[in-house]
Amino acid sequence: MKSMKKDPINEQNNTDLVEEARQILKGAKDWFLDDVSLMKAYWHDKMGYTEAWIDANWHLVLEEGEELTKELDAKEDAALLWLINHANNNPVPLEKCHVAGQEAKAGVYHCMACGHDNIKAEDGTLEPCEVCHYGLMSTHQEKDD
């Protein structure tokens, strides 16, 4: 019977692959846990903001009814957008971002992936970028700052 010898080079390669896989999994786990921490902090802040807004404005909603509710919602949305844009130093304000498939007015829509300016001739559904087919566009211009 012929004895089988171990191939030290192959064995080292297998060990290296296992270690590399371990490192990748550890990195993925760390990234995931960081992401979860960020999301928990975001929702904690958002819920705190919402609770403070309700405490400050709830009596108005009860007194003024449905009409005021819509007006307050619009003001809250604008305030929340301002807060998110400034807290995160967003280079493109969220209110200037548009997603393919939404209704949009005629104009120039800047692709946020490849930078191509897509020209929309008339009002209607916003199509993905005609160059890279990405679905997030912006109407933000540097002079808007």
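Guide: What follows covers the overall layout, the sheet, the cysteines, a charged pair and a surface patch.

Visitor: What should I know about the model before we start?
Guide: This is a predicted model, in which local features need pLDDT of at least 70, side-chain atom pairs count only at pLDDT 80 or more, and totals for chains, interfaces and linings use all residues. Residues are numbered from 1 along each chain as its sequence is written, and side-chain values use heavy atoms, with hydrogens and water left out.

Visitor: How many helices and strands does the protein have?
Guide: There are two helices and six strands; helices (H or I, at least four residues) and strands (E, at least two) are DSSP runs, numbered from the N terminus. Their order from the N terminus is α-α-β-β-β-β-β-β.

Visitor: And what share of the residues counts as buried?
Guide: Of the 145 residues, 16% count as buried. Buried means under 20% relative accessible area, exposed over 50%, and partly exposed in between, with a 1.4 Å probe and protein chains only.

Visitor: What is the strand order in the open sheet?
Guide: The four strands are ordered E1-E6-E3-E4, with antiparallel pairing. Two strands pair if DSSP finds at least two bridges between them.

Visitor: Which strands stand at the edges?
Guide: Strand E1 (97–99) and strand E4 (117–120) do; each has a single partner strand, so one side of each lacks a neighbour in the sheet. On average, neighbouring strands of this sheet are turned by 40° against each other, direction ignored. Axes here are lines fitted to C-alpha atoms, for helices over the stretch in contact, and angles run from 0 to 180 degrees between N-to-C directions.

Visitor: How many bridges join E3 to E4?
Guide: Four bridges join these antiparallel strands. E3 and E4 form a hairpin with five residues between them, and Gly 115 in the turn has a positive phi of about 90°.

Visitor: Where is Gly 107, and what stands opposite?
Guide: Gly 107 belongs to strand E3 (residues 107–111) and stands opposite Lys 120 in E4. Gly 107 is partly exposed because its relative accessibility is 26%.

Visitor: What about E6?
Guide: Strand E6 (residues 136–138) pairs with E1 over three antiparallel bridges, where Val 99 has Leu 136 as its bridge partner. E6 also pairs with E3 in the antiparallel sense, over two bridges, and there Met 137 is the bridge partner of Cys 111.

Visitor: On to cysteines: how many disulfides are found?
Guide: The search of the whole structure finds zero disulfides, a disulfide being a pair of cysteine sulfur atoms within 2.5 Å. For Cys 111, the nearest cysteine sulfur is that of Cys 132, 3.6 Å away.

Visitor: Is Cys 111 buried or exposed?
Guide: Cys 111 counts as buried, because its relative accessibility is 1%. Cys 97, at 21%, counts as partly exposed.

Visitor: Which side chains meet in a salt bridge?
Guide: Those of Arg 22 and Glu 19 do, at 3.5 Å, N to O. A salt bridge is a side-chain nitrogen of Lys or Arg within 4 Å of a carboxyl oxygen of Asp or Glu, and by this rule the count is one.

Visitor: Where do the two residues lie relative to each other?
Guide: Arg 22 and Glu 19 are three residues apart in helix H1, so about one helical turn separates them. Arg 22 is exposed at 54% relative accessibility, whereas Glu 19 is partly exposed at 36%.

Visitor: Lastly, which residues form the nonpolar patch?
Guide: Trp 31, Phe 32, Leu 33 and Val 36 form this surface patch, with about 420 Å² of accessible area together. Phe 32 lies in helix H1 (residues 8–64). Patches are made of residues with over 30% relative accessible area and no salt bridge: like charges are joined within 9 Å, nonpolar side chains (Val, Leu, Ile, Met, Phe, Trp, Tyr) within 5 Å. Accessible areas come from the Shrake-Rupley method with a 1.4 Å probe; for residues, only the protein chains shown count as cover.
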